[in-house]
Amino acid sequence: MDREYTIIGTRMTRTDSLAKVTGRASFTADLKLPRMLCAKVLRSPHPHAKILNIDTSKALRLPGVRAVVTAADAHGVKWGVFRYTQDHPMIAVDRVRYVGEDVAGVAAVDEETAMEALDLIQVDYEPLPAVFDPEEAMKEGAPLIHEEYPNNVNIHVHIEVGKVDEAFARAHLVREDTFHAPGEAYSTLEPYAVVASYANGYLDLWVPNAGPHVRAKALSNLLKMPLNKVRVRRINVGGHFGSRSEVSPGDLVTSLLAIKSGCPVKLVLTREENATCTRQVHDIKATIKTGVNKDGTITAKEFRVVYDGGAYSSTGPIATSIPYYVYEEAYRFPNVRYDGYRVITNKGIRGMYGCHGRAFLGGNEMQLDMIARELGMDPMEIRIKNGLKVGEETATKSVIISGGLEEPIRLAAAKANWAERRAGLKEGEGIGMGCVAVMCGFPMGFRSGSACYVKLNDDGQATIVTGICDTGMGNESMAIQIASEVLGIPVEDINLVNADTEATNLDPGAYSQAASFVGGNAVKRACEEAKRQILSFAAAKMNHPVEDLDLKDRTVVSKTDPLKKMPMRWIVREAFFQGKPIAATGAYMPKIDFQREWVKNPYGQMAGTYSFGCSVAQVTVDRETGQIRVPYFVAAHDCGNPINTMAVEGQMEGSVLQAGVAVLAEETRWSQGWLLNPDLLEYKVPLACDMPEIEPVIVRSNDPEGPFGAKEGGLTTRMNAYSAVVCAAHNALGVPLNEFPLTPDRVLKALNAAKSGGES
Amino acid sequence: MERFKVNFQVNGEPVELDVRPSETLLETLRDRLELTGAKEGCGLGACGSCTVLLDGLPTRSCIVLTAEVDGSEVTTIEGLAEGEKLDPVQESFMEKGAVQCGFCTPGMILTARSLLDRNPRPTREDIIRSISSNVCRCTGYKKIVEAVEAVSSTETPET
Ligand code: FES
Ligand code: FES
């Protein structure tokens, strides 16, 4: 490839990595402030109960206890992402709806005292009938968990495009299957923690978050404080994957304790609390019906998907829709009906996940393979045939401006030697392919855009100020790299101020895949404006036409005359002299249809652009034990154009772990509303020895809107790796696999069912 | 409450402390010595994010009592670099992109350092086996393995 860029597209060492390899990078739990107190939370021992009375008087009398808070100290405001989903008080008022729900908080001089104080709080509960299975919860007569949701249906998303029933009637072949995947734990390696400090009417917060601006807004609502008095500060975040997008009950409890005690307060959750009381992954059951023509063209799709939403709304409407969207963004559906139901149960709160929708996505792709087999088609061929291309619209009317599904499929297949590998499979081996496309950003009103400031300092170095947030993927480094490219100065000349609501401007945050496409664009525009200012001063000072000037190696250079140049800092100083320091703002708002609404109007442009991806997995299956292994994996992801090639690969490789290997084992297990495997001994996450050989393939579609052509850095792999593995397992075994994850017991069950049922 | 007097070395410096019998080495390092490079990912020996070197061997400091380390030598991530000069493992983790969120990184680096000290030319399988004691939720381990391999091929093995 010809190198148009100096630093974009290189394997640059991430700017945040020095602090991390030396142990100097601070995470929330590492912070220590003067007079800081330790917080602990009293949690509900019931899945569903009325709170009759809370007596904190004994706890308050314990020496060393500085504050106790309950809902009486909160302001009766409920949290929900949308006006119509505000149902979560974050600290229980008169009812608890899941085991582990926050009931009271204590701040004390040390951990022992705080723990002792929890034992002294007397809560009188009246247990209520509870319901744990979403299908049960939807039945007439099931215990009603919130008055406002009849049949416990929290959200119903209905999408209808074309003439679905007619298309099924005319289809050459119709298949209907149901797939189920239980919930999972995000298992970010950093357990949740909050530090809150309140002084002079201002609340400062350090908390693992994926978007400080949305977090501050939520807390200002919950605390009834003006937004400018709630300051969410930048802090390193030990992984996110969807779990840190939203405000968490711990944020409210810790803030209330800091306000009440007048001291900084730190809450650190245990691993078990992190799994039980922060967000979890939705359990999903998807019934999928597909009609095709003789040539494999998909003519009709119908979906009924039930999401176990746990006790509260969370990102409800979004979570109920995303699995469908990342699928319709990949394939052409002329006629489609989608009914997604998010159902309230007496289980912990749920959120979005990097690989949200596994049963739906894996199920769709496995069913496509079953259809391909009946039609005598190659799984690759049927995917290419139905894949969306540039210029086409998705079923719900989003235009694809770059990429398309075919190239990632072809490149993944080429890397994996798809045809040869398939032909050469031995007994017990299988190969499969999974595809999705992912929106880069989605409608969040005026919060969908990002703004950046840049100032040039008197030594010719730059400071950029952006709301971009880094939860581990390298967004900070990405912002600096973009600034370096535009300003022609090395990354070490650039200081970053980011993710701090006091200093930075609005940004959608590190979810919805907007960081590089939206935030990166704002950084680029701000730096371009600064560059324009520098060059116009330089043109005057050097007496040279501005069109022929450029910035390179800290120098203003002529594009045509190598002798014509001047150090950039001279120009910057000149600008100071003239009272016009180099400072600029840049903003980017993606081209989204803001009439679009998740439930009421799910049609129109969803996002500025879409990334496409295809994963190929090879598995081996032991038919005796049901044990599956994944020895080989290819992930092809269309990131538009990589800003940092190594960082994009890293996202893809991590995605193979979280979806492609997780599908063999990861699941949360429950009994009567109790999470049975909240710790890392019982909930086993993949280790180095479990990983396949991974070949990441970066696909470049050079997006016309993205900064330097970039889209997002790896989410398609997170969304399709699961599918690739279940398809490979299906290929190896030749029987439907409807229950995920593919643990040995489930595999053996599927084999036995096929033996007795004769299903192929 | 009963206390124990403990003497040990941390990153080459002698430390003398009175500790509670139940105090873990991780608590001592993080809360008393302000060495927060070792992280608490699980608190029960499952994840390796609290790994330090105890007399050169990777050890989960969340399940070791400080009272037990009397007379030992503890190395934490803060003690690995010599001033500004990074250990080759630290450098390699940076260069190879083996660091994402960084929460597992101190434990991973110390585990790898100890492996290379004991076995300067490990095979890929040796590396995978060794770091399989530690969880990383972000990287998929590929670049961590590559980072360790790169060090082993540049460091001259002792003869
Ligand atoms: S914190 Fe010690 S092993 Fe996880
Ligand atoms: S880099 Fe995040 S856990 Fe390893």
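**Close-ups of a predicted two-chain model**

View 1. Three residues stand out on the chain B side: M94(B), Q100(B) and R137(B) supply 22% of the area that chain B buries against chain A, more than any other three residues. Keep in mind that this is a predicted model. As for who takes part, chain A brings 53 residues to the contact and chain B brings 45.

**View 2. Zooming in on a salt bridge, we find K39(B) paired with D30(A).** The closest N and O atoms of K39(B) and D30(A) sit 2.5 Å apart. Between chain B and chain A, the count comes to seven salt bridges.

**View 3. Next up is the largest cavity, with about 140 Å³ of space inside.** The structure has 11 cavities of 30 Å³ or more. Look for A185(A), Y186(A), S187(A), N274(A) and A275(A), which lie nearest the centre of the largest cavity; in total, 20 residues line this space. By type, the lining splits into eight polar, seven nonpolar and five charged residues.

View 4. Helix α8 (residues 271-277) of chain A gives three residues, the largest share of the lining.

Technical notes. Residues numbered from 1 in each chain as written. Chains lettered and ligands numbered in written order. Predicted model: local features only at pLDDT ≥ 70, side-chain atom pairs only at ≥ 80, totals over all residues. Heavy atoms only, no water. 1 Å grid on protein atoms, 1.4 Å probe; cavity = no way out; pocket = protein on both sides within 12 Å on 5 of 7 lines; lining within 4 Å. Points joined across faces, edges and corners; volume = space filled by probe spheres on them. Helix = DSSP H or I, 4+ residues; strand = E, 2+ residues; numbered from the N terminus. Nonpolar A, V, L, I, M, F, W, Y, C, P; charged D, E, K, R; others polar. Contact = heavy atoms within 4.5 Å. Buried area = accessible area lost by both parts, 1.4 Å probe. Salt bridge = Lys/Arg side-chain N within 4 Å of Asp/Glu carboxyl O.
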